[in-house]
Amino acid sequence: MIVRFGYVAMSTVVANASPSKTMTFKTFSNLLDREAAVRKLESIAAENLHNTLRLLRHNVAHDIMVYRFSSKLIPLATHEALADWDPFPALEQSFAEVGEFVKKHGIRVSFHPDHFTVFSTPRPEVLASSLRDMAYHVGMLEAMGLDGRAKNNIHVGGAYGDKLSAGERFKENAAALPDRMKERLTLENDDKTFNAPETLAIAEALGLPMVLDIHHQWVNNEGEDPAELWPRIKRTWTSSYAQAGSPEDDPLPPKIHASSPKSVSDPRGHADHVAAGPLLDFLRKIASGTDRVDVMLEAKLKDGALFALMEELARHEGDGVEILNGASVRIRP
């Protein structure tokens, strides 16, 4: 099984390359010339996209082919007070450059809209905000010229005192999304509410792919072995929504998230690094029935944690681990 590792948004190795520079709405409001204030937002966004391109070049130089974009590329993009602002025309070239680089090098990219994007909500105004945020993320991927292989990963959301009803509400709202949104959607189990079996059942019902977060599963489960769920999770990646835009000879591999607990007192928090042992144990369990899998590392040290993990995995060479390049390994059961 070939395993590719990626990281989230920011680099702790490349200096002065934040893709998430922002402006508060208070600062925006204090600028008397609204048109100039909007131009400032667009300038910040252009810098974020430039830094994203810098990070992608860094990634390719180190064989990192899996990357999650920052959701904060465009400051205040979904703020209600700026509903009349369309930032995309001014950023057309910047988005196109990022997209062309992604396509040229075959990088797997994604977004992870924040926890305010919830389709299980019983509140119409929260649903409207969630739809606006999802449209923003889809719009960025479309501005990059990327097809349905570029995904937006979300959690099912809150239970609101009745998890069964919340799950049904999620299914109803997600099913009503236009195909341009559904084909980019993946569902992930969370660490407090919708566990892996529950998220998997919803993903199967909707025909959506599931991203298994093995850390979340460790702290929120029903006693199941995640490897026993894996055959069903892997099958969710064969749906038409999962493979939108994928050529038949190059299907999109299943994806998992991996991180390590911050501490005994904070088992849900993410540590600076990812411990190789538990991750390797899981990968070995699924290796015999899986050709490829992509692993998003959600460690505080970002790409620094990826490089450290590769060094640790190198010490397992000859024990079912083969280092393929700077960010990929082959795992044998």
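1. In this predicted model, Lys 163 lies over the face of Phe 194, at 5.7 Å from the ring centre; a charge is taken to sit over a ring if NZ of Lys or CZ of Arg is within 6 Å of the ring centre and within 35 degrees of the ring normal. Local features need pLDDT of at least 70 and side-chain atom pairs count only at pLDDT 80 or more, while totals for chains, interfaces and linings use all residues. Residues are numbered from 1 along each chain as its sequence is written, and side-chain values use heavy atoms, with hydrogens and water left out.

2. Aromatic pairs come to 7, where rings of Phe, Tyr and Trp (its six-membered ring) pair if their centres lie within 6.5 Å, with planes under 30 degrees apart counted as stacked, over 60 as edge-to-face and the rest as tilted. The pair of Phe 25 and Phe 28 is stacked, because the ring centres are 6.0 Å apart and the planes stand at 25 degrees. Both residues lie in helix α1 (residues 25–30), 3 residues apart, or about one turn of the helix; helices (H or I, at least four residues) and strands (E, at least two) are DSSP runs, numbered from the N terminus. Phe 25 is partly exposed at 29% relative accessibility, whereas Phe 28 is buried, with a relative accessible area of 6%; buried stands for under 20% relative accessible area, exposed for over 50% and partly exposed for values in between (1.4 Å probe, protein chains only).

3. Phe 69 and Phe 111 form a tilted aromatic pair, with 5.2 Å from centre to centre and 40 degrees between the planes. This pair links distant parts of the chain, since Phe 69 is in the loop between β2 (66–68) and α3 (92–105) and Phe 111 is in strand β3 (residues 108–111), 42 residues apart. Phe 69 and Phe 111 are both buried, and together with Tyr 7 and Tyr 67 they form one aromatic cluster.

4. The count of salt bridges is 21, a salt bridge being a side-chain nitrogen of Lys or Arg within 4 Å of a carboxyl oxygen of Asp or Glu. One of them joins Glu 125 to Arg 123, with the closest N and O atoms 2.8 Å apart; Glu 125 is partly exposed at 47% relative accessibility, and Arg 123 is likewise partly exposed at 47%. Another joins Asp 179 to Lys 182, where the closest N and O atoms are 3.8 Å apart. Asp 179 and Lys 182 are 3 residues apart in helix α6 (residues 179–182), and therefore separated by about one helical turn. Asp 179 is partly exposed at 46% relative accessibility, but Lys 182 is buried at 12%.

5. A further salt bridge brings together the side chains of Arg 330 and Glu 322 (3.2 Å, N to O). Arg 330 has a relative accessible area of 27% and is partly exposed, and Glu 322, at 28%, is partly exposed too. Elsewhere, salt bridges that share partners join Arg 4, Arg 108 and Asp 294 into one network.

6. On backbone geometry, most residues other than glycine have a negative phi. Tyr 160, although not a glycine, has a positive phi of about 50 degrees; Tyr 160 lies in the loop between β4 (151–155) and α5 (163–175) and is partly exposed, with a relative accessible area of 43%. Lys 302 also has a positive phi, near 50 degrees, and is found in helix α11 (residues 302–314).

7. The largest pocket holds about 1,400 Å³ of space. Here a pocket is an open set of points on a 1 Å grid over the protein atoms alone, where a 1.4 Å probe fits, with protein on both sides within 12 Å along at least five of seven lines, and lining residues have an atom within 4 Å of a point. Grid points are joined across faces, edges and corners, and a volume is the space filled by probe spheres set on the points. The lining has 47 residues, of which His 112, Pro 113, Asp 114, His 115 and Phe 116 lie nearest the centre of the pocket. Two or more lining residues come from each of α4 (124–143) and β4, and α4 gives the largest share, 6 residues.

8. By class, the lining of the largest pocket has 15 nonpolar, 18 polar and 14 charged residues, where Ala, Val, Leu, Ile, Met, Phe, Trp, Tyr, Cys and Pro count as nonpolar, Asp, Glu, Lys and Arg as charged, and the others, Gly among them, as polar. The second largest pocket has a volume of about 340 Å³ and is lined by 17 residues, with Gly 106, Ile 107, Arg 108, Arg 149 and Leu 252 nearest its centre.
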